[in-house]
Structure formats: C-alpha cells, structure tokens
Amino acid sequence: MELLSECGLCISGVNEMSLCSKSKESNSRAFPVLGVDFFGKPISDHKGLKSLRVKAPRNFTVHVQASICVSKAMKWWEKTLKPNMVEIYSAQELIDSLHTAGDRLVVVDFYSPGCGGCRALHPKICQLAEQNPDAIFLKVNYEERKTMCHGLHIHVLPFFRFYKGAEGRVCSFSCTNATIKKFKDALAKYGAEGCSLGPAKGLDESEILHLAEIGELSARSSPPLTREEIVEEYLVMKSTDLSGVWSNVIHDHDIELAEEESALLKI
C-alpha cells in the first residue's frame, strides 16, 4: 500500500531509517519506521537535521497459512465395510444378533487394531461379505471387548466363528491371507439356503453362563431358551389347554346327567 503526500512524499512497505545529527551527544540509531521515497529536494528540520539517509524499501511477502480442520481419517477396520457387516459392542448385542439372524449364516470376526494379519485380511473379508449378501458378518474388536473375548475363549487373531440357525456354532478357526481357502470353503458349505427346525441357537449355554459370571451380561438379561426348553414349554401349554377342554366337557356332561335325572323323577 502506498500513500502520496502533497510534498511528493511516497510511503510504502516496511523499512529501517537512520537519523544522523550534528550533535556529538546523540548517537545514530536505527528503528523501524515506514520506508520513505522522496520526489523533491532533501529536507531538513529546524533542529539541524542535516541529512536523511533512506534505504531502498525491501519487497516483502506475507505468507498466510490457513489451518483447515480435517475430519479424523478412517481407521483400517472401518474402511470398505459392506451393509451386511455390523460392529458388535457388547455381549448382549452379540447374543441378540445371533438369535435374530434366523436361518441366515452368521460369521463372527474377532480382530484387533494392532494385528497385522487382521489388517491384511480385512479387504478380502469385505470382498467376501459383498459376494455373500445373505450372510451376516459381525465384527468384534478384541481390544475393546477383551473380557468378552476371554469369556468366549478367543486367544488367537484373526479368529472366526460360523453360526447357522438352530445348529448353533458350526465351525470356528483362525486363518490368514495364505489360508483364506478355509474361509471360502466354510462360506460355500454353510452359506447355502436351508431351513432348520426351531429358532437360532446362537452361543452355547455354557458360554452364556460364563459371560454372566464375569459381568458381561446383566442380571436382568436371561439366557435364551434352548430347543428342549421350548418344546417342553409348548407341551405344558398344550396340556394346560387340553385339561381345560376336558374339564369343560366333564362339567357339561355332569349337567346333562343332572337334567336327565330330574326328568326321570318327574315321570
């Protein structure tokens, strides 16, 4: 920015100016002022300033660095996830997800952010999840759910468990990119459509009890009924209904007998 005065004074930039005086008592010193260019004659003030030494103004550039707040980069286990891939945050959520899956194949993927094998295998698992949209892939972060994983006896990573309807857990294994064929074979074997009798079994009863003992399941959440318990409850309900029906039949029969007896007495 430049300012022009009436006396031909041009002020621009930032520079240093030295003032010299005849007086021996005053020493020359430099201090920051605005750079000055003169278009007319040298000037001097009434105090005896003889000369005004002006250095050529230096060009300067102001660098403005804007800091842009960028959202946190996605972690590797959050990338390329498919719609049928769900993160599990509690033991109860795992149990509920297994039981609401019905006859669909459920693959539980136990991983750790610091596991190199898990990270290398992740893109391939996402690809297989996309190729098998009917299957459900549940992801469990070992570091965040370590107590739950210990309760399920997970000690090797990456680790996978396959669940299928009323059959419950059908297989479990650890694999890497080198042994990915094991994973593909399990998908082909258990991923086929099929109808299983009864509700989805999910975790074993011993696993559910162990999770409850170590505090991963609240006291209010009761383990789901087994197939035998469901059948027993069904039979009890049926027997109750039948007993009610028989009691009504006997009661009606007694009424009929009483009516017949009263009719005979009248005769």
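**Confidence.** I began with pLDDT, the predictor's confidence in each residue, from 0 to 100. The protein chain has a mean pLDDT of 74, with 54% of its residues at 70 or more. Residues 1–31 stay below 50, yet this stretch has 61 contacts beyond near neighbours in sequence (contact means heavy atoms within 4.5 Å). Over residues 60–71 the pLDDT is also under 50, and there the model has two contacts beyond four places in sequence.

**Ground rules.** I noted that this is a predicted model, where local features need pLDDT of at least 70, side-chain atom pairs count only at pLDDT 80 or more, and totals for chains, interfaces and linings use all residues. Residues are numbered from 1 along each chain as its sequence is written, and side-chain values use heavy atoms, leaving out hydrogens and water.

**Sheet.** I use DSSP runs for helices (H or I, at least four residues) and strands (E, at least two), numbered from the N terminus; two strands pair if DSSP finds at least two bridges between them. I found an open sheet of five strands in the order 5-7-6-8-9, with mixed pairing. Strand 5 (85–88) and strand 9 (168–174) are the edges; each has a single partner strand, so one side of each lacks a neighbour in the sheet. From one strand to the next, the twist averages 20°.

**Hairpin.** I followed strand 8 (residues 159–164), which pairs with strand 9 in the antiparallel sense over six bridges. R161 has S172 of strand 9 as its bridge partner. Three residues lie between the two strands of this hairpin, and G165 takes a positive phi near 50°.

**Helix 4.** Which residues of helix 4 (residues 180–190) are buried? I listed I180, F183, A186, L187 and Y190, where buried means under 20% relative accessible area, exposed over 50% and partly exposed in between (1.4 Å probe, protein chains only). On the face turned away, I noted exposed K181, A188 and K189.

Key. Axes fitted to C-alpha atoms, helices over the stretch in contact; angles between N-to-C directions.
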